[in-house]
Amino acid sequence: MVQTYKLFGANVGSHYLAMGVLGTLFVGSYAAMGGSKAKPATPPINASSSDEADFIKCAHIPPAVHMVISLT
């Protein structure tokens, strides 16, 4: 047997109340984190050719190298 509570004249089990609270919490946090995300501003690419611009867009700096560059 489970603990029941009388809500609006109806007996509701405690496990239903717990599921309702957790569902509301998760749906509310999902809705709060949603929406459109503003894209971060990137500096303009000043490349002399389209090949150089493509390379700059696709270049990937590993995190270790990025850390060393920022320390110097």
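User: How many of the 72 residues in the protein chain are buried, as a percentage?

Analyst: Buried residues make up 3% of them; buried means under 20% relative accessible area, exposed means over 50%, and partly exposed lies in between, with a 1.4 Å probe and protein chains only. Keep in mind that this is a predicted model, where local features need pLDDT of at least 70, side-chain atom pairs count only at pLDDT 80 or more, and totals for chains, interfaces and linings use all residues. Residues are numbered from 1 along each chain as its sequence is written, and side-chain values use heavy atoms, with hydrogens and water left out.

User: Why is Phe-8 called exposed?

Analyst: Phe-8 has 91% relative accessibility, and the cut-off for exposed is over 50%, so Phe-8 counts as exposed. Phe-8 sits in the loop between strand 1 and strand 2 (10–13); strands are DSSP runs of E with at least two residues, helices are runs of H or I with at least four, and both are numbered from the N terminus.

User: And why is Tyr-5 called partly exposed?

Analyst: Its relative accessible area is 41%. You will find Tyr-5 in strand 1 (residues 4–7).

User: What makes up the order of elements in the protein chain, from the N terminus on?

Analyst: They run β-β-α-α-α, which comes to three helices and two strands.
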